[in-house]
Amino acid sequence: MRIRFTKMQGAGNDFVVLDETRGLLGLSTAQYRFLADRHFGVGADQILSVRPAPRAGLDFEYVIHNADGGEVEHCGNGARCFVRYVRDKGLTDKTAVRVKVQQGEIELRMNPDGRVTVNMGAPVFDWDRVPFNPIGLVSDQVNGWPVFDLVLGGQGMAPAIARVAVVSMGNPHAVQRVENVDTAPVLTQGPLIENHPAFPRRVNAGFMQIVSRSQIRLRVFERGAGETLACGTGACAAVVAGIRQGWLDSCVDVQTHGGVLTIEWAGQADNPVMMTGPATPVFDGEIDIPEL
Ligand SMILES: N[C@@H](CCC[C@H](N)C(=O)O)C(=O)O
């Protein structure tokens, strides 16, 4: 099967975007994995499939698959690329669109400066909904906010403890504070946190360096994709965790290896998290996808 695609990136988190507004392509898990493969396919952290709105009042639905082929609930950088894509391709001329993702509905707005603002919805702290099982973990409180010690041990590494705050932005995140993201153990601890048994659907592992009350540096080892140059939901989760622990103000610039995302959160559980950042097309192409 030969399909058309658009390659996009948002702060260096890269995507293959597929137009399924006129019919589903019916790709298998292995075919998503093939598209994401940087040697045999196009190469991407995630695949975004744009579909028609499932009900009146919505403009579209978009479905997200990680590079490992698994479908996921949410993707912040992908949301910004999605809205740029539907406008560039003439699928809508609206500057504000409402879209269904797996875990709900989100609103997106194109700004005059070309950046995109996404209302990511309210963070979720209900452990069952993350999902997260804290039973048996040592916990503490920072500014009245619970943090948990994950005991990590892998082949060839001394046992380590990662003290994480847990939050869902529709998808699960475990965020720890580090002195310096450049030397943080992202590649050694990341896979161990991702697969820690306290997270039954695995988790995205964030490493946050506080620069000031309005600026952090962040690296994220993403579930199903490994370390990416930026993670939008990870940036939201880190800022929420930093505000809750008393370290950050309500508007924070998040410096990632791929660019800056601006995150705003008023601090109450039901306040939505707003994310603003870039969304850039890279190229259009066609590819033959094997039967997999
Ligand atoms: N890169 C994304 C997050 C994509 C999904 C994530 N890997 C997960 O499995 O939850 C973002 O920008 O938020």
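Colleague: What pLDDT does the protein chain average?
Modeller: The chain averages a pLDDT of 96, and 100% of the residues score at least 70; pLDDT is the predictor's confidence in each residue, from 0 to 100. The model scores ipTM 0.99 and pTM 0.97. As this is a predicted model, local features need pLDDT of at least 70 and side-chain atom pairs count only at pLDDT 80 or more, while totals for chains, interfaces and linings use all residues. Residues are numbered from 1 along each chain as its sequence is written.

Colleague: Where does UniProt place the feature "active site"?
Modeller: The unreviewed UniProt entry places it at Cys75 and Cys231. Although spread over 157 residues of sequence, they cluster in space, with a largest C-alpha distance of 7.8 Å. UniProt positions follow the numbering used here, feature names are shortened, and annotations may be inferred rather than shown by experiment.

Colleague: Is Cys75 buried or exposed?
Modeller: Cys75 counts as buried because it has 30 C-beta neighbours inside 10 Å. The cut-offs are 20 or more other C-beta atoms within 10 Å for buried, 12 or fewer for exposed, and in between for partly exposed, with C-beta atoms placed from the backbone.

Colleague: And why is Cys231 classed as buried?
Modeller: Cys231 is buried because 34 other C-beta atoms lie within 10 Å. Cys231 is in the loop between β15 (226-228) and α4 (232-244). Helices (H or I, at least four residues) and strands (E, at least two) are DSSP runs, numbered from the N terminus.

Colleague: Turning to the ligand, how many residues surround it?
Modeller: There are 19 residues around the ligand, and the closest are Asn77, Asn171, Arg223, Gly232 and Thr233. Here a residue is near a molecule if its C-beta atom, placed from the backbone, lies within 6 Å of it.

Colleague: Which element gives the largest share of that shell?
Modeller: That is α2, with three residues.

Colleague: Now β18: which residues are on its covered face?
Modeller: Strand β18 (residues 274-277) has Met275 and Gly277 on the covered face, whereas Met274 and Thr276 are on the uncovered one. In a regular strand the side chains alternate between the two faces of the sheet.

Colleague: Which way do β8 and β18 run?
Modeller: Strand β8 (residues 116-119) runs antiparallel to β18, joined by four bridges, and Asn119 stands opposite Met274. Strand β17 (residues 259-264) is also antiparallel to β18, with three bridges; there, Thr262 has Thr276 as its bridge partner. Two strands pair if DSSP finds at least two bridges between them.
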